[in-house]
Amino acid sequence: MENLWLEVCSRQKINQNATQEWLGKILRNYSQDERAYHNQNDMFAHKEKYLREGKASDSVILAAIFQYYSFDPKRDSHTENCQAFREFLAEASLAEAPLGKYVRKLLGENIAEDLEGFDEDAQFLQDLDLAILGGSPEEYKNYTELLQKEYKHLNTDSYKSTRLKILKTFLTIPRIYSTNFFRERLEESARRNIKKEIEELKA
């Protein structure tokens, strides 16, 4: 994560003070104890290889970083993440830059304006978030174990019931991944992993 962040900030000519200050904030947030999976060593390390292989734009990389800047398994944190990104833009002197509006829309801010290339980038970001579903059996097992730790506010039966509903939904849709990049790499393995987890949850 750190190298990606520094590379993007360098390309966008963001001043060193803002670059380093926000790097510290991001790393601190991603290192919070309650983040069993949604941290830089598990979730983001898995995403980083696809951001690089897919030659993701700076906008997508920034959105991927700020997407889980704040994280609470009990609720949607996208409002807080959009606000954090706005604060970063102000300190980076990018508040009026087109990149800022683009990333804010990727993060879920209500921006009605049509932005060129947005749909493709939004699909990539969505698929990136689902990439772990198509990981190796070992990666997937680690992911499911860590994920359940984050939902410790749910008892075992409630967690299994909720998880089963989500997993079964994935199997009812024709394609889990919207982009060719992810579909060609991960669709088959994602379906295998999901079917196996469903069997384990039902056992």
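**Helix packing exercises**

In this predicted model, Leu4, Trp5, Val8 and Arg11 of α1 are in contact with Asp58, Ile61, Leu62, Ile65 and Phe66 of α4.

**Exercise 1.** State how many nonpolar, polar and charged residues make up the contact of α1 with α4.

*Solution.* Start with the α1 side, which contributes Leu4, Trp5, Val8 and Arg11. The α4 side contributes Asp58, Ile61, Leu62, Ile65 and Phe66. Sorted by class, the contact has seven nonpolar residues, two charged residues and no polar ones.

**Exercise 2.** Find the class of the angle between α1 and α4, and the handedness of their crossing.

*Solution.* Take α1 as residues 2-11 and α4 as residues 58-66. Their axes come within 10 Å and cross at roughly 135°. Angles over 145 degrees count as roughly antiparallel and 65 to 115 as roughly perpendicular, with oblique for the rest beyond the roughly parallel range. The angle therefore makes α1 oblique to α4. The crossing of α1 with α4 is left-handed.

**Exercise 3.** Describe how α2 and α5 are arranged, and which residues make their contact.

*Solution.* Helix α2 covers residues 16-30 and helix α5 covers residues 78-91. The two axes come within 10 Å, crossing at roughly 160°. Because angles over 145 degrees count as roughly antiparallel, α2 is roughly antiparallel to α5. The crossing of α2 with α5 is right-handed. From α2, the contact is made by Ala18, Glu21, Trp22 and Lys25; from α5, by Ala84, Glu87, Phe88 and Glu91. By class, this contact of α2 with α5 has four nonpolar and four charged residues, and no polar residues.

Definitions and conventions:
Residues numbered from 1 in each chain as written. Predicted model: local features only at pLDDT ≥ 70, side-chain atom pairs only at ≥ 80, totals over all residues. Heavy atoms only, no water. Axes fitted to C-alpha atoms, helices over the stretch in contact; angles between N-to-C directions. Helix = DSSP H or I, 4+ residues; strand = E, 2+ residues; numbered from the N terminus. Parallel < 35°, antiparallel > 145°, perpendicular 65-115°, else oblique. Left-handed = near helix turned anticlockwise from the far one by under 90°. Contact = heavy atoms within 4.5 Å. Nonpolar A, V, L, I, M, F, W, Y, C, P; charged D, E, K, R; others polar.
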